[in-house]
Amino acid sequence: MSAWLDLPLDADTLDAATAHYAAVRDDRRRATSSILVFRLGAEWLGLPTSSFDRVGEPRPVHSLPHRGGALAAGLVPVGGDLVIHLSLASLLGIAAAPTVAAADRAGIAMARLVVLADAAGRVAFTADEVLGVHEFDVAQLRPLPSTLARSLVSYTSALVQVGAHPVGVLDGPRVMTAVSAALA
Amino acid sequence: MSPEVSLAELFRTEAREQIAKLSDGLVSLEEPTTPAALEELMRAAHSLKGAARIVGHEQMVRVAHELEECFVAAQAGTIRLTAGRVDMLLLGVDALTSLAAIEPGGEVDEAVANMADEVVAALRETARGAGSVARASGRVPLQRAVASAGRLVPHASQGGTDNTERLLTLAGEALVASRGVLAQVGSDAAVRRAERELERCIGEMRSVFAGLLVSEEAQRAIAAVELASAASTQRRRERVVAIEGAGQRVTDVITQLYERVLDARMRPFGEGVAGMPRMLRDTARELGRDARLVLVGEGTPVDREVLRRIEAPLGHLVRNAVDHGIEAPAIRAAQGRPSSGTVRLEARHGGGRLLVTVEDDGRGIDLEAVRARVVRRGLTDAHAAADMSEQELFHFLFLPGFTLRDEVTAISGRGVGLDAVQTAVREIGGDVRVSAPATGGTRFELQLPLTLSVVWALVVEIGGESFAIPLARVHRVLRVDRAEIASVEGREHFTLDDRPVGLVLGHQLLGMPARDQEDAAAVVVVGEPEWALGIVVDRLIGEQELVLRGLDARLGKVQDVGGAALLADGSPTLVLDVDDLQRTATMLAAGGRLDAVGPGASGRAAARKRVLVVDDSLTVRELERKMIEGQGYAVDVAVDGMDAWNALRAGAYDLVVTDVDMPRMDGIELVTRIKGDATLRAVPVMIVSYKDRDEDRRRGLDAGADFYLTKGSFYDETMLRAIEDFIGMPT
């Protein structure tokens, strides 16, 4: 055993190891951020993973009387609690998806219930589709194009490319503050 | 958790216990004091001193020490524990309460430290036998110092509350989920159908084969299929039975868990009224009376929330009993009654309710004084008052501003008493009654729900969603044929027990979408006999026991809704607030916005295009309404911009016609709001105004109005043509 450990290394292995340890560490690579990527209507959006609580199957939402306005506020059961459900699309000023978009090519329902949380409490919305959590290097963030919907600009901090989709990265706290303000 | 932290917690618990002993012991101290009572007080002070020393709480050690010295002096007979000295000792206990909240060894506020020094000095004098009367005036500033020190000290939060709440919701959800499993197991109709179909197919095969000459091999094969099918059915049934049994056991356990969690919310009654003996004593001392509190049924379990909500009303009734009931000791003695009065506070369960009584042995309510006051206040005339029974007169005691006192004292006489008690008690679904026991005195009885967290409710469907109405507020449930519905001035009603009951469409009341109505409307009659309201619902679902949850505070008060709950099938529902519904119905009727329920009403109203007419002038409003309705549109009216905004948010409109100058919210702001709202933006708005200058017109259009019309021209066809241009024909 010890004889094997004491064997001299061949030149290639030595070179590879030397190159590996001598490489300058790219510190920027460590500045990553992760978002939950989802779709509302035609828009792909991302929210910092720190601001979401859970993602689940869509559940029956009970609407609130006299609150049938744009937000369509209602209640949805989440783990034994009744959580406020609202239309995030309306809040962000995104055109609602046609109902057929709830089913994808294979006819499987893609809609998911997304629950956000902050110190003020939890709030849920139904996304037309959830892609999953995406981790990216903050260096990949791109500035917002001037073509972005005006209403979205105030909630979006940057764009990031996830696969084929440019994703608008939402400012979590700003969205939650707008939610609280819109509910009252 | 570090040992220091748990030590501090242990100390706080012990301090609470010993302070309660000191407080209770002092309040119930009788003269002459018994050695046993003093012994107990000394022990409490001594234990507290020892505990405070262990955690290094210097101020508490000193105050507890001086208290102990006082008790020692009393035991030795050097001082007598007069009422004045007991006052001082209680002040020392208050100081201990404030100090106990300070983290041992932590930073002590200067004001708090000074207060402790002064209390120590005053107690030292008391132990030396300082006269209580001479010190009484000096005690007031000290009292203030102790009270304000209490406010300076951060109070430890009531831990565990949220956890119990959370446990309750989780246990509730688990219960619902486990019942769901059982329901799934029970509903295997589809599987059974498939099995029967398989059996039928095999039978058919057999009969087909019977007419043919088939090989023995085929015969055997079909027999094998038959056998396998039967075995599969049998095995499945066994599995179902096994799963059902397991499911039932799970449900049983969860039901027990749920009930235990519900129980955990119950607290002994005594815990909620622990401060009452002291409060009674302070009130009695202040008014120069002598009174004791007798507590009965301290162990009666009461829902924590109920306990919290009745604390203030009970405190009020107890203070009232001393102030209005118990006479001065001299008067009582002169009548040959014990100079010390008794206030009896009792809690017990009865008839599924919690009954709390507050009874005093004082002078009782002077019926003639009430009668005179009722007449003087102009509530009725002398003749009618003379005929009123005791119970009828007692009702007046609960009127706001009603008092038998001419002078206002710090305790009562302002007439803000009993009505506040009644309001607080009614808010939690209880009631309060007053009576005069044959033995004299006054007796208040509070009937309260055992718990606020569970409610029996009638679940109905309105506008395609479920709503629950507390059974306590449901007067009657019935089907009303549309032919039986009469209409008076646009308000519909039907007759129930010879009384007209107003009818309102549930979906309209709640601003929900309309559903097709059947010929016989399902009507839930809610409220009191004096103002019964018939709510037309889409469907009755049934009675259910619901665990109430509050709505998220961020929503604020949602009109007509009292709370939320999960139904047995796990779907959410809203519990309606019946008093709110009554108000909403009145407002709807006043605004002329009630839709018809009666014959021929269904369908037509829903299909017509809806126009909202907004004007503060009744004449203009009605003129416009008649013109537009004359064209076949459905028209609702609103009296100002605010009213219109609420109507718009609650219902769907195709067009808004509005005036500009209106109170509360003018037309310009209304237009601005509509055009700034994502869903309402598309609704065309037409301004009809007397203002015909160009700048007025521009102001309206700049705000986003789609059309501007001056009032001079709306009598002609212009307005109707414009409406048709915007939204087309009425249907």
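Biologist: What does the accessible surface of chain B come to?
Modeller: About 36,500 Å², and carbon and sulfur atoms hold 53% of it. Bear in mind that this is a predicted model.

Biologist: How much of chain B is buried?
Modeller: Of its 731 residues, 46% are buried.

Biologist: And how many helices and strands does chain B have?
Modeller: There are 25 helices and 23 strands in chain B. As for contacts with a separation of 6 or more, 68% of those in chain B are between residues 24 or more positions apart.

Biologist: Now the inside. Which residues touch the most other members of the largest nonpolar core?
Modeller: F38(A), L40(A) and F125(A), in a core of 57 residues. Helix α5 of chain A, residues 172-183, gives the most to this core, with 5 residues.

Biologist: What does F125(A) touch?
Modeller: Leaving out residues up to four places away in sequence, F125(A) touches F38(A), L40(A), L47(A), H85(A), L86(A), L88(A), R112(A), L113(A), V114(A) and L116(A). There is also a second, separate core of 47 residues, and L29(B), V55(B), V112(B) and A127(B) are among them.

Biologist: Switching to sheets. What is the strand order in the open sheet of chain A?
Modeller: It has 5 strands in the order β9-β1-β2-β11-β10, and the pairing is mixed. The edge strands, each pairing on one side only, are β9 (129-137) and β10 (156-162) of chain A. From one strand to the next, the twist averages 35°.

Biologist: Do β10(A) and β11(A) run parallel or antiparallel?
Modeller: Antiparallel, with 6 bridges joining β10(A) to β11(A), which covers residues 165-170.

Biologist: Which residue stands opposite A158(A)?
Modeller: V169(A), which is in β11(A).

Biologist: Last topic, the two chains together. How many residues does the contact take from each?
Modeller: Chain A puts in 26 residues and chain B 35 residues.

Biologist: And what area do chain A and chain B bury between them?
Modeller: About 2,500 Å², with 59% of it on carbon and sulfur atoms.

Biologist: On the chain A side, which residues lose the most area to chain B?
Modeller: H62(A), P65(A) and H66(A), which together make up 29% of what that side buries.

Key
Residues numbered from 1 in each chain as written. Chains lettered and ligands numbered in written order. Predicted model: local features only at pLDDT ≥ 70, side-chain atom pairs only at ≥ 80, totals over all residues. Heavy atoms only, no water. Helix = DSSP H or I, 4+ residues; strand = E, 2+ residues; numbered from the N terminus. Buried < 20%, exposed > 50% of the residue type's maximum accessible area, 1.4 Å probe, protein only. Contact = heavy atoms within 4.5 Å. Areas by Shrake-Rupley, 256 points an atom, 1.4 Å probe, with all protein chains shown as cover. Core = buried A, V, L, I, M, F, W, Y, C linked by side-chain atoms within 4.5 Å. Pairing = 2+ DSSP bridges. Axes fitted to C-alpha atoms, helices over the stretch in contact; angles between N-to-C directions. Buried area = accessible area lost by both parts, 1.4 Å probe.
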